[in-house]
Amino acid sequence: MDTPENPMMISAVLMFEQPIPIKRLKRTLEERFLRFRRFRQRVVEKGDKCYWEDDPNFDLDNHLHRIALPGQASKKELQELASDFNSTALDFRRPLWQIHYIDNFNGGCALLIRIHHCIADGISLVRVLLSLTDRTPEPKLERIAKKVTIPKPQGNAATRFLHRLVDSSQAGWQQAQLFLDSVRQEPNYPLKLARTAGGIAMDLAKLGLAPFEPKTSLKSQLVGRKKVAWAEPLALDDVKHCARTLGGTVNDVLLCAATGALSRHFTEHKQTIPDCGIRVAVPFNLRPLDQPIESLGNQFGLVLVCLPVEVHDPLMCFRQVQENMNRLKQSYQAQVTYSLLDLFGRGPDILERRALDLLSNKASAVLTNVPGPRHPVYLAGSKLVQPMFWVPQSGNIGIGMSIFSYADTVQFGITVDKGIHADPQAVMNYFRDSFQHLYDAAMSHAHGLHIAQAS
């Protein structure tokens with residue numbers, strides 16, 4: 001899915017209260033990060049085949065770089081640096097990740113991290129990065145991880161193919177056994193299975209027949225240069241209070257705030273607002289929450305969420321977002337898109353590219369919402385003050401919006417391709433304004449109901 005316009009990288013900017021001693025940072029990475037085998041491996045392509053291979057010349061110094069911003073660098077300079085790195089592809093000759101340690105930022109430091117999506121999805125990588133941290137300033141390091149010796153596959157190609165065939169047959173038989181057991185235990189199981197299959201077929205048809213996105217400034221020709229920005233964090237208690245008052249979820253509130261921000265963008269640029277709303281592609285986690293952190297890879301689907309940017313009243317906008325989300329929660333759209341990505345990824349490149357274009361033509365942006373720790377965390381003794389994460393866009397989608405909760409705050413960030421005429425910092429300001437309008441409307445509505453009940 002890599003293209004010059006959209007490198008498939010998950011990126012993060014982590015800002016810390018104090019400088020991190022570089023030796024302690026290296027030791028933490030060796031102890032906790034490099035214990036994951038994948039971060040010592042590179043991708044090798046031969047013809048149509050791709051596989052993982054241990055990097056014979058792996059060296060941490062190839063991936064950890066120490067730099068500094070000029071003068072008394074502020075948020076603006078850090079955003080410009082993040083924009084530059086988010087526009088630059090990773091080196092496929094080495095394992096696909098980079099960390100830049102930025103000295104003397106706001107009296108502390110910052111880490112700018114890039115990891116290729118083929119290693120893992122966003123949920124998994126956030127868990128990996130959080131595994132580097134502690135709840136106290138004193139780290140609990142055990143020992144430096146050693147390189148894992150990986151046994152070479154036994155036998156020739158024919159033997160290995162036979163083994164895969166036997167494994168597949170055994171897996172198929174196990175699934176059949178599970179099905180028969182379910183029928184014996186629950187006579188209505190075949191009927192439920194048929195209904196599920198019907199629901200999946202219906203969602204597949206809806207996805208295929210959904211119209212392309214309306215032509216707006218958000219769907220411009222991409223140039224491959226990114227601009228990133230992030231807002232000052234919101235208080236999570238305020239967001240929760242707003243959600244409780246309106247009888248919805250935190251996610252509903254934040255999606256409504258994002259809708260208002262994009263609607264304001266259209267208004268400020270005197271652009272026609274689509275009367276049918278716009279859609280954003282939202283990654284939906286399909287990974288079991290109790291799955292061990294060592295399990296990397298990608299286990300997510302995409303759902304297309306309609307944002308009613310044409311609705312200006314914040315309470316009406318909230319109800320519409322809430323209704324759209326409730327409808328999606330009862331669908332199989334995430335499982336359908338996961339299966340399609342998996343299926344097309346195994347086929348010819350031209351088929352994969354057309355499928356990717358088809359999906360990306362049906363969304364104007366990618367929006368992620370990832371829950372982080374509720375308490376502050378420390379990396380190598382330094383407190384994490386503000387974290388920001390971005391997932392890559394794909395196809396012709398040029399906008400990525402990211403919501404991340406951390407230590408009783410909600411962080412909101414955006415990345416925008418330079419070909420799209422949108423000011424990322426202005427959109428961040430619109431997001432905060434949009435939330436405030438919704439919060440004020442919710443409190444006013446609740447107050448009105450209270451007076452009516454009292455009278």
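Modeller: A residue is called buried when its relative accessible area is under 20%. Keep that in mind as we walk through this structure, which is a predicted model.

Biologist: Thanks! Which residues of helix α3 are buried?

Modeller: Helix α3 covers residues 122-130, and its buried residues are G122, S124, L125, V126, V128 and L129.

Biologist: And what do the buried residues of α3 pack against?

Modeller: Their partners are helix α1 (22-33) and the strands β1 (9-16), β6 (108-116), β11 (365-371), β13 (382-390) and β14 (399-406).

Biologist: Let me try a single residue. Is H100 buried or exposed?

Modeller: H100 sits in strand β5, residues 97-105. Its relative accessibility is 8%, so H100 counts as buried. Leaving aside residues up to four places away in sequence, H100 touches H65, I67, F85, A110, L111, L112 and R114.

Biologist: How should I think about a nonpolar core?

Modeller: In soluble globular proteins, nonpolar side chains tend to be buried together. Here the largest nonpolar core has 52 residues, and V305 and M401 have the most contacts inside it. Beyond four places in sequence, M401 touches L262, V280, A365, V366, L367, T368, F412, G413 and I414. Another core, of 42 residues, lies apart from the largest one and includes A12, I113, L132 and Y406.

Biologist: Now the helices. How do I describe two that pack together?

Modeller: Two packed helices are described by the angle between their axes and the distance between the axes. Take α6 (residues 236-246) and α7 (residues 250-268): their axes come within 8 Å and cross at roughly 100 degrees. The two helices are therefore roughly perpendicular to each other. On the α6 side the contact is made by V239, K240, C242 and A243, and on the α7 side by V250, V253 and L254. By type, the contact residues are 6 nonpolar, no polar and 1 charged.

Biologist: What about aromatic rings?

Modeller: A pair of aromatic rings is described by the distance of the centres and the angle of the planes. This structure holds 8 aromatic pairs. For F36 and F39, the centres are 6.1 Å apart and the planes stand at 90 degrees, so the pair is edge-to-face. Both of these residues are buried. Ring pairs also link F36 and F39 with F33 and W97 into a cluster.

Biologist: How are the rings of F435 and Y439 arranged?

Modeller: Their centres are 6.0 Å apart and their planes lie at 45 degrees, so this pair is tilted. F435 and Y439 are 4 residues apart in helix α11 (residues 424-454), which means they are separated by about one helical turn. F435 and Y439 are both buried.

Conventions: Residues numbered from 1 in each chain as written. Predicted model: local features only at pLDDT ≥ 70, side-chain atom pairs only at ≥ 80, totals over all residues. Heavy atoms only, no water. Axes fitted to C-alpha atoms, helices over the stretch in contact; angles between N-to-C directions. Parallel < 35°, antiparallel > 145°, perpendicular 65-115°, else oblique. Contact = heavy atoms within 4.5 Å. Nonpolar A, V, L, I, M, F, W, Y, C, P; charged D, E, K, R; others polar. Buried < 20%, exposed > 50% of the residue type's maximum accessible area, 1.4 Å probe, protein only. Core = buried A, V, L, I, M, F, W, Y, C linked by side-chain atoms within 4.5 Å. Phe/Tyr/Trp six-rings, centres within 6.5 Å; stacked < 30°, edge-to-face > 60°.
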